Amino acid sequence: SLLSVKSISSNWFITPSTLRREIHLLQKLLHPWQLEIKTTHTKISLHGKESVIRLFYAFFFLHSYGAYKWIFQTVSYRDITKLLQFVPDDILEKSGVEKKGLLHYYCAVAIVRMKKQLYFEEDFFTLPQYNPYTHKYSVQAQKFGQQLQQLVPNLGKKDKTQKIRALFSNILALNDFSDTDFPARFF
């Protein structure tokens, strides 16, 4: 969320009507993703499904800042690197770098939004979710959960497993399997 149209337009040295026109143009670009910008007298905010918002921000930040600039102040690149080490091996190729920047941004966005208690919508969980199917992957998922709990202390233990499975599912969806002979067991 941003401040009001009036304060943003004065900070950016543009007129409120120009800012409203720009917001209207952005609305058209965001519409295919079922995202919208809402404006009130006190703030401007992005609305839509949480799962789409997280992906949108991850791609937006990667495209805007590249893989070599870290913009987050509340979570470090190192923290995300450490967290990604515990993603089960069957859904994330640890040596691949093709999607490294995107995965780092995605996880950082997810952590920042979870800290604000913004979670996936309930209908997201009607889709099949990743579930570790061997002891090794269960241990990795458990270590991931411990690391995530340090980064998001307000994450309730009750639904932590569900949130982790959702994160794994999206990490799996963002992965590139072009060099793999066999797809992950999830598929």
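**Surface, fold and packing**

Author: The protein exposes about 11700 Å², and carbon and sulfur atoms supply 56% of that area. Please keep in mind that this is a predicted model.

Reader: What percentage of the residues count as buried?

Author: Of the 187 residues of the protein, 39% count as buried.

Reader: And how many helices and strands are there?

Author: There are seven helices and two strands. Read from the N terminus on, the order of the elements is α-α-β-β-α-α-α-α-α.

Reader: What share of the contacts with a separation of 6 or more joins residues 24 or more positions apart?

Author: Such pairs account for 67% of those contacts.

Reader: Let us take the strands. In which sense do S1 and S2 pair?

Author: S1, residues 36-39, and S2, residues 44-47, pair in the antiparallel sense, over four bridges. The two form a hairpin, and four residues lie between them.

Reader: Which residue of S2 stands opposite Ile-37?

Author: Ile-37 has Leu-46 of S2 opposite to it.

Reader: Is Gln-34 buried or exposed?

Author: Gln-34 is exposed, because its relative accessible area is 63% and the cut-off for exposed is over 50%.

Reader: Where is Gln-117, and what is its phi?

Author: Gln-117 sits in the loop between H5 and helix H6 (135-151). Its phi is near 60°, again a positive value in a residue other than glycine. At 53% relative accessibility, Gln-117 counts as exposed.

Reader: On to helix packing. At what angle do H4 and H6 pack?

Author: Helix H4, residues 77-84, packs with H6 at an angle of about 160°, and their axes are 9 Å apart. Angles over 145 degrees count as roughly antiparallel, so H4 and H6 are roughly antiparallel to each other.

Reader: Which residues meet there, between H4 and H6?

Author: From H4 there are Asp-79, Lys-82 and Leu-83, which meet Phe-144, Gln-147, Leu-148 and Leu-151 in H6.

Reader: How are H4 and H5 arranged, parallel or perpendicular?

Author: Their axes come within 10 Å and cross at roughly 100°. The range from 65 to 115 degrees counts as roughly perpendicular, and H4 and H5 are therefore roughly perpendicular to each other. In this pair, Tyr-77, Ile-80, Thr-81, Leu-83 and Leu-84 in H4 meet Lys-100, Leu-103, His-104, Cys-107, Ala-108 and Ile-111 in H5.

Reader: You mention His-104. Is His-104 buried or exposed?

Author: His-104, which belongs to helix H5 (residues 100-115), is buried, with a relative accessible area of 2%.

Reader: What lies 2.9 Å from a polar atom of its side chain, that of His-104?

Author: The backbone oxygen of Lys-100 lies at that distance from the His-104 side chain. Not counting residues up to four places away in sequence, His-104 touches Trp-70, Tyr-77, Ile-80, Thr-81 and Leu-84.

Reader: Which residues does Met-114 touch?

Author: Met-114 is also found in helix H5, and it is buried, with a relative accessible area of 1%. Beyond residues up to four places away in sequence, Met-114 touches Arg-54, Tyr-119, Leu-148, Val-152, Asn-154, Leu-155 and Leu-167.

Reader: How far apart are Met-114 and Lys-163?

Author: Met-114 and Lys-163 are 49 residues apart in sequence and 9.4 Å apart in space, C-alpha to C-alpha.

Reader: Finally, Ser-169: what does its side chain reach?

Author: The side chain of Ser-169 reaches the backbone nitrogen of Tyr-130 at 2.8 Å.

Reader: Where is Ser-169, and is the residue buried or exposed?

Author: Ser-169 is in helix H7, residues 157-174, and counts as buried at 11% relative accessibility. Leaving aside neighbours within four places in sequence, Ser-169 is in contact with Pro-128, Gln-129 and Tyr-130.

Key: Residues are numbered from 1 along each chain as its sequence is written. This is a predicted model: local features need pLDDT of at least 70, side-chain atom pairs count only at pLDDT 80 or more; totals for chains, interfaces and linings use all residues. Side-chain values use heavy atoms; hydrogens and water are left out. Two strands pair if DSSP finds at least two bridges between them. Buried means under 20% relative accessible area, exposed over 50%, partly exposed in between (1.4 Å probe, protein chains only). A polar contact is a pair of N or O atoms within 3.5 Å; within protein, one must be able to donate a hydrogen and the other to accept it, and residues adjacent in sequence count only if both atoms are side-chain atoms. Contact means heavy atoms within 4.5 Å. Accessible areas come from the Shrake-Rupley method with a 1.4 Å probe; for residues, only the protein chains shown count as cover. Axes are lines fitted to C-alpha atoms, for helices over the stretch in contact, and angles run from 0 to 180 degrees between N-to-C directions. Angles under 35 degrees count as roughly parallel, over 145 as roughly antiparallel, 65 to 115 as roughly perpendicular and the rest as oblique.
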